[in-house]
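Welcome! Here is a short tour for anyone meeting this protein model for the first time. Have a look at the sequence and the structure, then read on.

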Amino acid sequence: MSSEIPMRVAVVGATGFQGGAVARLLAERHHRVRALTRRPEADRPPLPGAFFLAGDLGRPGDVRRLFEGTTHAFVTMPLVYDPERVEAYARNIAEAALEAGTLRLVFNTNTRVPHGPTEFAAFETRRLAEQVLRDSGVPLVVIRPPVYLDNLFSPWNGPALVDEGVLAYPLPESARTAWISHRGLAEAALAALTREDLEGRTFDIGGAAELTGGELAAAFGRGLGRTVRYQELDPVDFEHGLAGLLGPAAAAGVAGIYHYMASDADPLLMAGDDGVSAEALALEPAPVEEWVARQPWQVWAADPEETDAEETDTSPHR
């Protein structure tokens, strides 16, 4: 299987940040992208080269239409954490992929998944979906990301970072985390779709290094050209804030990851994998500070002119 041969890829989750990053990279590399969405046309993100179908993962016919004529698939589940719904979505995807003769399906679990069962739907629904896909017999590669750097380029983190030098996040300061960007996910997904002899494998993908909160803040400081300190957020407060954006059910699902990490039950869950995935997928993740230096942080500044000057001083193209 070669990345030089154009693929026709069904992308589940293309209107989200993770699936959207994968769809954009696929289109950049001249692969054809089909996506399923419930959003009206005016509310869809710009994805040049992608063909959108209106539909719902809960309707088998809609999912079959998505897969018609495709050769490959990339799947990221929506922020749904009800086991019955997630299982139904996974079964619809598996059946459609088998009917279409999908050569390879890459499943992004949204998160790392602990070895043993937990009480948190964020992990268990993804474990369930992965098992449904695996049991179906579709040629499968699973990628499990840790936490996204892009979560920090947001209205919740950006202003405090730029104006106060505070990097606040609901992970324990001591939790070693192999932070990855959405672009890094996309590069891993493309490799998982195209490299030889990967069927049946699961990869704990991640960034160039595993960092504590303090080390992450130091990397941000190098990228921003200023002092940054890490502030550990209470997952309960994080969940309450998220509920206003996503609704209580989705917020509880997402926050479950951070409640689990705060319990210290598996402190290395988000850490690196000793280079296994990078070698198998031929990836060379960039250091965190390089990602930081490329972001337009001035959009979050209270004083844009002052931040523009700082950007000029710390530009990676200086």
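Which residues have the most contacts inside the largest nonpolar core? They are L167, L216 and F220, in a core of 38 residues. Please keep in mind that this is a predicted model.

**The nonpolar core**

- As background, nonpolar side chains tend to be buried together in soluble globular proteins.
- The largest nonpolar core here counts 38 residues, and the elements that give two or more residues to this core are α4, α5 (158-164), β7 (166-169), α7 (213-224), α8 (235-246), α9 and α11 (288-294).
- Helix α9 provides the largest share of this core, with seven residues.

**Aromatic pairs**

- The model has eleven aromatic pairs.
- One of them joins F120 and Y260: the ring centres are 5.9 Å apart and the planes stand at 75 degrees, so this pair is edge-to-face.
- This pair connects distant parts of the chain, since F120 sits in the loop between β5 (104-108) and α4 (121-136), while Y260 belongs to helix α9 (residues 248-262), 140 residues apart.
- Both partners are on the buried side of the 20% cut-off: F120 has a relative accessible area of 18%, and Y260 has a relative accessible area of 9%.
- Another pair is formed by W291 and W297, whose ring centres lie 6.1 Å apart with planes at 80 degrees, so it is edge-to-face.
- W291 is buried, at 6% relative accessible area, and W297 is buried too, at 1%.
- These two tryptophans belong to one aromatic cluster, made up of F153, F220, W291, W297 and W300.

**A cavity to look for**

- Rolling a probe the size of a water molecule over the atoms shows where empty space is left.
- In this model, two cavities of 30 Å³ or more turn up.
- The second largest cavity holds about 40 Å³ of space.
- Its lining consists of L171, P172, E173, A175, T177, W179, L211, T212, G213, L216 and Y230.
- Sorted by class, that lining has seven nonpolar, three polar and one charged residues.

**A buried threonine**

- Is T194 buried or exposed? T194 is buried, because its relative accessible area is 6%, and buried means under 20%.
- T194 is part of helix α6 (residues 182-194).
- A polar atom of the T194 side chain lies 2.8 Å from the backbone oxygen of L190.

- Most residues other than glycine have a negative phi.
- H30 is not a glycine, yet it has a positive phi of about 70 degrees.
- You can find H30 in the loop between α1 (17-28) and β2 (32-37), and H30 counts as exposed at 66% relative accessibility.
- D274, also a residue other than glycine, has a positive phi near 60 degrees.
- D274 is located in the loop between α9 and α10 (276-280).
- How accessible is D274, buried or exposed? D274 counts as exposed because its relative accessibility is 81%, and exposed means over 50%.

Methods
Residues numbered from 1 in each chain as written. Heavy atoms only, no water. Helix = DSSP H or I, 4+ residues; strand = E, 2+ residues; numbered from the N terminus. Buried < 20%, exposed > 50% of the residue type's maximum accessible area, 1.4 Å probe, protein only. Polar contact = N/O pair within 3.5 Å; in protein donor to acceptor, adjacent residues only side chain to side chain. Phe/Tyr/Trp six-rings, centres within 6.5 Å; stacked < 30°, edge-to-face > 60°. 1 Å grid on protein atoms, 1.4 Å probe; cavity = no way out; pocket = protein on both sides within 12 Å on 5 of 7 lines; lining within 4 Å. Points joined across faces, edges and corners; volume = space filled by probe spheres on them. Nonpolar A, V, L, I, M, F, W, Y, C, P; charged D, E, K, R; others polar. Core = buried A, V, L, I, M, F, W, Y, C linked by side-chain atoms within 4.5 Å.
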